[in-house]
Amino acid sequence: MIHDPSSPVIVGAGIAQQRFDDPAAASEAGLLIRTALELAADDAGSRALLDRADVVMMPQGTWRYENPVSIVAPWNPAVRSIVADMGVLQQTLIGRACSMVADGAAEIVLVCGGEAKFRALRSQITDAGVVDSTTAGGPTERLVPAHDILTTEEIARGLPVPARQYAMIDTALRRAQGLSPREHIDALAGLWSSFSAIAVDNPTAWNRAFIAPDVLVSPSAANPMLAWPYTKLHCSQWNVDQAAALIICSAATAARFGVSPDRWVFAHVGVESNLMVPLTLRAEMHRSPAVRAVDDAIASHTGTAASDIAHLDIYSCFPAAVRVQANEFGLDTDQQLTVTGGMTFGGGPLNNYTLQGLATMVDVLRRHPDERGAVTNVSGMLTKFGASVWSCEPPLLPFAAIDVTAAATASTATVSLDPDYAGAAVVATYTVAFDRGQPVQGIVVGDAPAGVRCLATTSDPELIADMLAGDWCGETVIVDGATIGSAHST
């Protein structure tokens with residue numbers, strides 16, 4: 001194996017998981033993350049790597065630790081800590097960790113995160129009243145997103161819920177693909193059933209039960225509709241107790257600590273787009289030119305496009321995320337697109353799944369040392385995109401962290417939204433929001449004359465029933481500001 005000694009490598013990957021009905025028996029999130037770090041060190045064969053780490057990087061979770069590293073890595077109080085707020089790509093942390101190692105700015109970087117949402121849920125159900133540890137101080141550095149993910153109108157008119165936005169993206173893609181609502185529902189069921197089949201064989205998956213397509217097609221008490229055409233089982237399940245950790249260092253450091261070369265997984269490239277355009281302001285809501293820009297950068301640096309990489313884990317918070325990325329990457333949704341089973345079945349720890357997917361990919365690549373793997377990630381409502389490519393074989397070119405925000409910006413068309421628009425509009429996409437299995441709100445994004453976009457809703461039972469029974473894409477509706485009128489026509 002010929003390699004540059006400064007090449008960044010993952011030498012240890014760990015996934016920690018617990019599932020206790022009694023919340024008092026469960027660890028809080030910080031301790032679960034610490035367990036994942038210890039598992040990662042054991043995977044590398046040396047806990048000394050934890051003691052010598054220069055930097056700990058973490059994506060912010062639902063936990064409220066002011067200084068999370070003090071509970072996650074208490075053995076090294078002087079370690080530099082970096083926490084990325086919600087809305088910062090997990091790829092940003094991974095790319096930064098690899099760059100710091102490659103540049104010699106850090107010797108060993110720990111990237112870790114996790115959740116104990118199942119513990120919190122069980123505490124609420126049982127009234128057990130478990131509490132998390134308190135911490136003092138704060139991280140050395142906090143990364144924050146530059147812009148907002150949602151518009152004021154999206155928040156006020158029913159679209160702050162991710163399932164609703166993603167359902168609308170999926171319906172816009174369905175229209176672009178020329179599918180009927182029935183064909184679309186069947187396609188979603190087949191795709192997500194195939195993801196569940198991968199989870200069956202993943203020992204760290206949260207839900208290892210195979211889900212047949214007919215279960216996904218038909219809403220039920222156990223699988224209620226959330227945002228048409230999405231049922232609960234189409235959505236990321238975040239009530240999980242899962243954590244993941246990666247140990248990243250240079251090849252030279254790995255050798256010095258005695259890590260066997262067959263444990264090394266080389267970083268080839270990391271790419272990210274930080275363009276932030278809210279959904280209703282995107283001219284083509286079924287597309288993401290940013291994904292295409294990421295793929296172009298991967299192909300340029302590695303000589304291989306995503307479609308030619310052997311092992312993939314495509315970020316899978318909702319089917320739209322997978323389908324849009326597959327469309328832009330030129331992937332077939334019939335091929336295997338996940339190594340975990342995805343965020344519904346493998347597990348969806350908020351703001352941490354990419355680490356979960358990458359930790360699993362490390363194991364896959366060690367079993368296939370001559371092949372490459374790619375892990376993608378998303379932030380927001382298909383807002384930001386990132387991807388990284390890995391292999392047990394050294395890269396042909398030195399690792400690079402590439403930002404394609406400028407290219408994504410140049411190729412992403414936008415429109416303006418008129419919150420007070422009154423008149424006729426052609427439905428570009430829509431969904432019906434459900435509460436406790438009952439339809440409660442119809443939501444439409446419409447294209448009005450002169451390229452103006454509108455966002456309107458209805459609670460009228462007859463209009464909602466019509467939205468569910470037919471296909472409103474391409475129909476003309478009458479809107480008055482935030483409200484859909486009583487008439488629509490083809």
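Colleague: Which residues lie nearest the centre of the second largest pocket?

Modeller: This is a predicted model, in which local features need pLDDT of at least 70 and side-chain atom pairs count only at pLDDT 80 or more, while totals for chains, interfaces and linings use all residues. Residues are numbered from 1 along each chain as its sequence is written, and side-chain values use heavy atoms, without hydrogens and water. On a 1 Å grid over the protein atoms alone, a pocket is an open set of points with protein on both sides within 12 Å along at least five of seven lines, and lining residues have an atom within 4 Å of a point. Of the 21 lining residues, those nearest the centre are Asn-202, Thr-360, Asp-363, Val-364 and Arg-367.

Colleague: Which element supplies the largest share of that lining, the lining of the second largest pocket?

Modeller: Helices (H or I, at least four residues) and strands (E, at least two) are DSSP runs, numbered from the N terminus. Two or more residues come from each of β1 (8-17), α8 (181-200) and α14 (353-367). The largest share, seven residues, belongs to α14.

Colleague: What is the volume of the largest pocket?

Modeller: Grid points are joined across faces, edges and corners, and a volume is the space filled by probe spheres set on the points. For the largest pocket, this is about 1,200 Å³.

Colleague: How much space lies in the largest cavity?

Modeller: A cavity is a set of points where a 1.4 Å probe fits but cannot get out. Two cavities of 30 Å³ or more are counted. The space in the largest cavity is about 150 Å³.
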